[in-house]
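My entries follow the display.

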Amino acid sequence: MPEPRTITEAAEFIRRGELSPLDLLDQCLARIDRYESKVRAWVVVDRVGAREQAVRLTAELKAGQNRGPLHGIPIGIKDIFDVFDLPTGCGSKLWANSYARRDATVVQRLRQSGAVIMGKTVTTAFASFDPPVTRNPWNLERTPGGSSSGSAAAVACGMCLGALASQTGGSITRPAGYCGVYSLKPSYHRVSVDGVLPLAPSLDHVGCMANCVRDLAILLQPLTGADDNAPRPYHFHGEMAEDGYARFRLLSELPDFLPSKTSPEMATAIADLRERTKAKGWEWNKLPLPPSFADVPQFHHTLMAVEAAEFHAERMARHPDDYPPNITKLIQHGLATSAPHFAKIKNHLVQFREDIERTFVDSWKTLITPATTGPAPTAETTGDPAFNAPWSYSGLPTVSLPIAWSSDGLPLCAQLTGDHWCEDDLLTVAAMLEDTAGFTTRPLPL
């Protein structure tokens with residue numbers, strides 16, 4: 001029996017009748033049984049509910065009904081998304097038994113597309129900065145990143161073939177980078193946040209993780225469906241065959257984008273990628289950032305702090321023991337921020353998003369940077385979001401993908417950024433880069 005590790009492969013096996021949704025679920029559950037005691041990626045695995053879904057979806061196939069590429073695909077859901085009849089714990093001790101009475105919009109859309117909802121993956125407390133219980137599957141002494149820690153680790157282990165995640169600073173891209181999986185943070189407001197715990201509504205994004213670029217495109221399609229929930233065609237694979245996309249083989253480096261933050265190994269990995277792609281016909285150029293970028297790191301953090309305080313301050317005053325140190329400091333920062341300074345930040349946010357949009361006016365560009373400052377650091381931190389937070393602030397879409405291995409066997413990933421609302425083009429460039437980058441996968445050391 002085939003054991004696919006990507007949605008793309010699994011969908012084809014299921015379409016041909018060589019693999020059933022029930023068989024695929026059993027494979028993922030077997031990996032949970034093998035890895036979970038060490039990695040701790042899950043808050044709850046809904047074995048009974050997932051099996052009921054898989055049995056029903058297998059019966060649909062026998063009756064000639066196939067809902068599309070996600071039919072029968074096991075998916076993990078970050079534990080800040082509501083899933084009907086499962087707790088939405090959000091990393092909180094007091095909310096551990098807070099059962100949701102409905103699905104978040106994006107979870108509902110995945111169900112309608114045939115996905116098997118396996119359970120809830122670990123998040124850092126309230127999707128903030130405090131280290132999670134999850135460990136990096138490539139080295140249990142290293143962090144998986146945060147806040148979408150469990151989603152990244154579960155996909156890396158093959159416990160599920162895709163997972164929902166969220167990002168306010170770097171919470172999709174960074175854990176994906178540390179765990180060596182692929183990620184998509186769509187444009188701000190592209191995907192519904194209904195039924196998702198907010199951290200900072202001006203910055204919150206819903207995205208996904210998987211094991212190849214094409215899988216990200218498959219996951220994105222239903223997540224961006226219209227509110228009438230009508231079926232939408234899966235068009236990405238057809239576009240990939242068009243010769244016109246050769247014009248997209250241009251990557252723009254940002255020489256002023258936090259170069260001092262890059263570790264030597266990450267810098268070498270990006271330089272090696274540049275040489276490999278140039279040898280295959282890609283072009284690279286350098287692109288200056290707008291002057292307004294200088295205030296982005298500081299203003300992003302303060303904006304997040306103020307909006308987190310607006311949501312959490314009253315509850316934290318009642319239940320201080322439910323808030324670990326890092327999110328407590330974030331909320332206190334927000335409470336200490338003056339109204340005039342916050343107004344200044346909101347004005348800057350509007351101006352910066354206009355400035356960065358103008359970067360793409362003349363012609364299509366794909367910006368390339370490291371996805372993280374370097375390989376995963378030790379487990380007492382979730383890592384540095386320096387390379388990710390500006391794109392949460394800008395609202396532009398990003399895709400990350402693995403490109404190399406560090407000297408101690410940890411994955412290193414690149415981050416691509418595209419124009420607002422242009423996820424199709426960005427995913428196409430990412431898939432082309434994936435095909436030419438020459439990244440070699442390895443078996444987990446566990």
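**Cysteines**

I looked up Cys413 and found its sulfur 9.3 Å from the closest cysteine sulfur, in Cys179, which is too far for a bond. I counted a disulfide as a pair of cysteine sulfur atoms within 2.5 Å. Cys413 is buried, with a relative accessible area of 1%; buried means under 20% relative accessible area, exposed over 50% and partly exposed in between, with a 1.4 Å probe and protein chains only. For Cys28, the closest cysteine sulfur is in Cys160 at 6.8 Å, again too far for a bond, and Cys28 is buried at 0% relative accessible area. My search of the structure gave 0 disulfides.

**Source of the values**

I note that the model is predicted, that local features need pLDDT of at least 70 and side-chain atom pairs pLDDT 80 or more, and that totals for chains, interfaces and linings use all residues. Residues are numbered from 1 along each chain as its sequence is written, and side-chain values use heavy atoms, with hydrogens and water left out.

**Salt bridges**

I searched the whole structure and recorded 22 salt bridges, each a side-chain nitrogen of Lys or Arg within 4 Å of a carboxyl oxygen of Asp or Glu. Arg190 and Glu423 form one of them, at 2.8 Å from N to O. This pair links distant parts of the chain, 233 residues apart: Arg190 is in the loop between β5 (182–185) and β6 (205–210), and Glu423 is in helix α14 (residues 423–437). Helices (H or I, at least four residues) and strands (E, at least two) are DSSP runs, numbered from the N terminus. Arg190 is partly exposed at 28%, whereas Glu423 is buried at 2%.

I then examined Arg274 and Glu253, whose closest N and O atoms are 2.7 Å apart in a salt bridge. Arg274 belongs to helix α9 (residues 264–278) and Glu253 to strand β7 (residues 250–253), so the pair ties together parts 21 residues apart in sequence. Arg274 is buried at 19% relative accessibility, and Glu253 is buried at 13%.

**Helix α7**

Is helix α7 mostly covered or exposed? I found it mostly covered, with 11 of its 11 residues (213–223) buried. Among them are Arg214, Asp215 and Gln221.

**Thr124**

I located Thr124 in the loop between β3 (116–121) and α5 (149–157). Thr124 counts as buried at 1% relative accessibility. A polar atom of its side chain lies 2.6 Å from the backbone oxygen of Ser128.

How values were computed
Polar contact = N/O pair within 3.5 Å; in protein donor to acceptor, adjacent residues only side chain to side chain.
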